[in-house]
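Dear colleague,

I am passing on the structure we spoke about, with the sequence alongside, and below it you will find my notes on what came out of the analysis. Please read them with the model open.

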2 protein chains.
Amino acid sequence: MSEQQAHCELIDEHRLSIDLIEAQYTLKNSWGQKNAKSVLVLVSGIELAGKGESVKQLREWVDPRYLKVKADPPNMLSNDQAFWQPYVNFIPREGQIAVMFGNWYSDLLTTAMHVSKPLDETLFDAYAENMRAFEQDLKNNQVDVIKVWFDLSWKSLQKRLDHIDASERQWHKLHGLDWRNKKQYDNLQKLRQRFTEDWIIIDGEEPEVRDQSFAQSILQAMKDLPEHPTQGQEHWPQALIPHELLHPDTEKMEKAKYKKKLKKLSRRVAEAMRYDERKVVIVFEGMDATGKGGSIKRIIKRLDPREYDIFTISAPEKYELRHPYLWRFWTKLDHCSDIRIFDRSWYGRVLVERVEGFASELEWQRAYDEINRFEKDLIDSQTVIIKFWLSISKDEQEQRFHAREKTPHKRFKITEDDWRNRSKWNEYLNAAADMFERTSTEFSPWTIVATDDKYTARIQVLKTILKQLQAD
Amino acid sequence: MSEQQAHCELIDEHRLSIDLIEAQYTLKNSWGQKNAKSVLVLVSGIELAGKGESVKQLREWVDPRYLKVKADPPNMLSNDQAFWQPYVNFIPREGQIAVMFGNWYSDLLTTAMHVSKPLDETLFDAYAENMRAFEQDLKNNQVDVIKVWFDLSWKSLQKRLDHIDASERQWHKLHGLDWRNKKQYDNLQKLRQRFTEDWIIIDGEEPEVRDQSFAQSILQAMKDLPEHPTQGQEHWPQALIPHELLHPDTEKMEKAKYKKKLKKLSRRVAEAMRYDERKVVIVFEGMDATGKGGSIKRIIKRLDPREYDIFTISAPEKYELRHPYLWRFWTKLDHCSDIRIFDRSWYGRVLVERVEGFASELEWQRAYDEINRFEKDLIDSQTVIIKFWLSISKDEQEQRFHAREKTPHKRFKITEDDWRNRSKWNEYLNAAADMFERTSTEFSPWTIVATDDKYTARIQVLKTILKQLQAD
């Protein structure tokens with residue numbers, strides 16, 4: 001892969017505009033089709049190279065109502081949030097095209113140029129690699145990412161600074177850099193070359209060529225609407241179902257003993273979570289009626305309601321389906337308490353969506369890596385992830401279903417779906433087995449908890465949380 | 001209306017818990033039904049009166065997964081945003097129940113107690129009245145609002161402060177008040193009594209009574225699921241259709257003259273918007289093919305793409321239908337540029353939704369006042385609203401439809417819907433007439449622009465913007 005210097009032949013403006021508008025509407029109407037996609041354009045570059053002007057010109061040629069533009073001041077990269085966090089709400093959904101001036105690369109550059117202790121090359125490159133992996137995940141999920149660097153030589157930059165127009169001055173301080181400083185300019189060029197190898201480079205020298213190069217690149221990106229493959233590997237190496245899932249043995253715990261342990265443990269868990277400096281994410285997966293709700297109730301027993309958030313995850317909304325699968329989780333992790341409990345989670349992709357066929361083979365097979373990267377990003381931004389699979393024997397589940405049907409305040413909890421899922425018992429066990437094998441990572445392991453005895457299960461959940469918080 | 005002192009008989013905890021859970025699931029399952037609603041609980045009160053404990057206890061009795069709790073530090077009320085702005089993302093949708101510790105009343109109290117120049121009584125009362133009107137709009141749109149004040153006598157408060165538990169100390173500084181100061185305590189009590197007349201007042205003296213009073217109030221609120229009336233007024237006073245809509249005459253403007261005027265005006269409009277200290281909201285409504293897109297293009301001609309946002313409004317998404325009608329606009333006005341252009345808008349409620357029957361009679365009849373209040377809130381928070389109705393003659397529209405069908409890059413713009421809407425021409429004119437009469441307020445007037453001649457129309461749009469910005 002190498003930088004793509006944009007060269008273009010100037011074409012008739014009116015023609016270009018018509019082509020752009022047609023491509024825009026084709027993209028817009030791709031929504032829900034087999035070749036649906038969205039286009040995310042990341043724009044960065046040297047000040048005064050004309051990125052603002054080129055986007056302005058593009059917006060004049062297209063139908064401006066269907067070209068979103070975002071420009072926020074840069075965020076310093078921090079240990080506290082993943083680099084994509086400030087931007088996820090702006091990732092375009094199927095059929096949309098969006099231009100982001102402020103983006104993770106401008107954050108990377110700003111951080112590298114500004115912090116008192118600059119990023120070393122290894123860290124810089126690790127960030128860039130991580131960003132590229134995230135973009136690859138976007139692409140796999142129907143979000144095309146086009147990256148455009150507007151370049152300008154030192155000499156031209158200085159000349160432009162001499163003649164800067166007062167009305168435009170407001171945009172030039174965005175990066176807070178001193179563009180009269182040659183050393184700084186050279187440093188920036190050196191840094192950006194560490195990541196621009198798969199970018200389109202546009203020379204800002206000639207405004208007309210620059211604007212058309214940019215517009216023609218965007219046109220190309222919009223026009224390209226390939227069918228998305230759905231077929232997965234021909235031979236899927238099915239993992240063995242762990243013994244604990246096939247025979248979820250538990251000893252029976254006496255109520256008195258349970259009460260005593262619970263009292264002590266729930267307090268210790270609350271304190272451990274409250275005083276941990278990291279954010280805590282607790283994930284519950286498992287068959288129906290395994291007591292996810294009951295376990296959650298005991299985790300939060302000693303917490304103040306303002307200290308945690310509980311997310312119950314069910315089928316995605318229609319608008320969420322127009323985004324990458326993980327998008328609805330990216331956007332949930334902002335603006336919530338530091339303790340987040342998930343009653344079902346992003347693992348739906350490789351469980352229910354796999355078993356029920358809502359995700360294509362390719363999609364769920366790819367999801368393991370996507371999920372691992374997602375969790376790694378969370379962990380790198382000061383989060384501990386604790387994942388539970390609540391297992392149950394088939395007999396015990398049947399008994400609980402019947403009990404629910406008979407108990408007034410529990411009959412709401414049982415639906416046709418629950419019985420239907422039960423009929424796919426083995427498919428779910430297979431899916432779970434694959435999930436353990438592929439997503440039980442060193443930094444984010446799964447814990448299987450047998451729940452035929454509820455008391456034992458709840459105590460094990462609390463103990464596991466405590467242990468994992470203390471271990472890390 | 002008067003304060004409701006919550007008195008309750010203590011009932012068996014297990015029974016109460018079952019009743020709460022049943023009510024929760026009934027509420028949850030009301031979604032999409034005729035009696036659907038959500039419940040928003042605003043909680044405020046004297047520190048240490050035990051609001052945190054009562055909510056914690058409530059969350060232990062209910063299924064905690066279906067009781068959202070939010071607690072943000074208070075926001076100072078400002079001229080810059082409507083009091084509801086920080087909270088709209090948290091208003092529960094149909095079937096949900098949510099508790100807000102931080103809410104517009106705590107903001108009001110904090111502002112009144114803290115600012116260097118305290119709010120005078122008139123302003124305080126005006127805020128409170130405005131809040132109540134907003135809540136009434138919520139209630140009319142299926143969001144029940146329950147307000148609970150946790151009270152505590154001065155003597156008890158002092159006693160509790162003496163024995164405060166270290167682990168709870170973190171919550172007591174939220175309002176940053178000195179709870180040892182009797183004068184301040186009295187002042188707070190006096191202030192809150194200015195708005196608590198329709199609140200439930202819970203005495204924090206006896207923890208058990210307090211918790212049950214609160215839980216029983218919430219139970220009552222969840223259980224009450226009335227059918228929503230849909231019938232409007234028996235005799236709707238239809239407004240007369242303005243002459244400009246029936247005969248949208250325009251003189252023809254020469255292209256050369258247009259170009260010259262456009263050049264000058266688009267620059268002046270850009271500058272007027274850019275340097276206005278207020279936010280600018282421009283609304284376009286009107287029949288299809290009246291040139292809304294073309295007008296928008298000329299407004300933004302001289303603006304940088306980073307300076308404005310364009311919103312194209314079409315049918316609401318399914319998840320948006322689970323919220324009050326205006327909710328999707330409330331949530332759009334955050335995090336966007338200061339210039340916001342709407343290609344169709346909240347007026348859809350009294351136009352397409354009225355004509356097509358998507359809104360009940362009662363709903364669209366009520367919407368005029370809701371919209372006026374909404375716009376007033378925007379205007380009070382430093383916004384100028386400029387509203388255009390683009391009118392067209394029926395003949396001209398037909399010609400444009402045919403032209404669109406024949407022009408490659410315009411054929412995407414014409415759909416079956418457009419022809420269908422055309423067949424309801426008179427219903428739309430009636431709806432527009434009522435809209436002008438009821439929402440063309442002094443602070444936010446409508447401008448009707450005849451568009452049979454596009455050049456004249458675009459120039460009139462620009463002139464109107466300029467005039468309205470300069471007038472205010």
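Let me begin with one loop residue: Ala289(A) lies in the loop between E7 and helix H10 (292-299) of chain A, where helices (H or I, at least four residues) and strands (E, at least two) are DSSP runs numbered from the N terminus. Its phi is near 65°, a positive value in a residue other than glycine. Most residues other than glycine have a negative phi. Ala289(A) counts as buried because its relative accessibility is 6%; buried means under 20% relative accessible area, exposed over 50%, and partly exposed in between, with a 1.4 Å probe and protein chains only. Gln382(A), which is not a glycine either, has a positive phi of about 65°, and its place is in the loop between H13 and strand E10 (383-391) of chain A. Gln382(A) is partly exposed, with a relative accessible area of 37%.

Before going further, please keep in mind that this is a predicted model, in which local features need pLDDT of at least 70 and side-chain atom pairs count only at pLDDT 80 or more, while totals for chains, interfaces and linings use all residues. Residues are numbered from 1 along each chain as its sequence is written, chains are lettered from A and ligands numbered from 1 in the order in which they are written, and side-chain values use heavy atoms, with hydrogens and water left out.

As for the overall picture, the secondary structure of chain A comes to 17 helices and 11 strands, and its C-alpha trace spans about 85 × 50 × 40 Å along the principal axes. Of the 472 residues in chain A, 57% are buried. Among the contacts in chain A with a separation of 6 or more, 83% are between residues 24 or more positions apart, a contact being heavy atoms within 4.5 Å. Chain A exposes about 21,500 Å², of which carbon and sulfur atoms supply 47%; accessible areas come from the Shrake-Rupley method with a 1.4 Å probe, and for residues only the protein chains shown count as cover.

Turning to charge, chain A has 74 positive and 77 negative side chains, and the centres of the two sets lie 8 Å apart. Here Lys and Arg count as positive and Asp and Glu as negative, without His and the chain ends, and the place of a charge is taken as NZ of Lys, CZ of Arg, CG of Asp or CD of Glu.

The structure holds 79 salt bridges over all chains, a salt bridge being a side-chain nitrogen of Lys or Arg within 4 Å of a carboxyl oxygen of Asp or Glu. One of them joins Asp80(A) and Lys279(A) at 3.6 Å, N to O. Since Asp80(A) lies in the loop between strand E3 (68-70) and strand E4 (97-100) of chain A and Lys279(A) in strand E7 (residues 279-286) of chain A, the pair ties together parts that are 199 residues apart in sequence. Asp80(A) is partly exposed, at 49% relative accessible area, whereas Lys279(A) is buried at 12%.

Asp137(A) and Arg373(A) form another salt bridge, with the closest N and O atoms 2.6 Å apart. Asp137(A) is in helix H4 (residues 121-140) and Arg373(A) in helix H13 (residues 361-380) of chain A, so this pair ties together parts that are 236 residues apart in sequence. Asp137(A) is buried, at 9% relative accessibility, and Arg373(A) is partly exposed, at 32%. There is also a network of salt bridges that links Arg132(A), Glu135(A), Lys147(A), Glu197(A) and Asp198(A).

Two surface patches deserve a look, patches being made of residues with over 30% relative accessible area and no salt bridge, where like charges are joined within 9 Å and nonpolar side chains (Val, Leu, Ile, Met, Phe, Trp, Tyr) within 5 Å. The positive patch gathers Lys257(A), Lys260(A), Lys264(A), Arg268(A) and Lys463(A), and its largest share, 4 residues, comes from helix H9 (residues 255-275) of chain A. Lys463(A) has its place in helix H17 (residues 454-471) of chain A. The negative patch is formed by Asp12(A), Glu13(A), Asp203(A), Glu205(A), Glu206(A) and Glu208(A).

With best wishes
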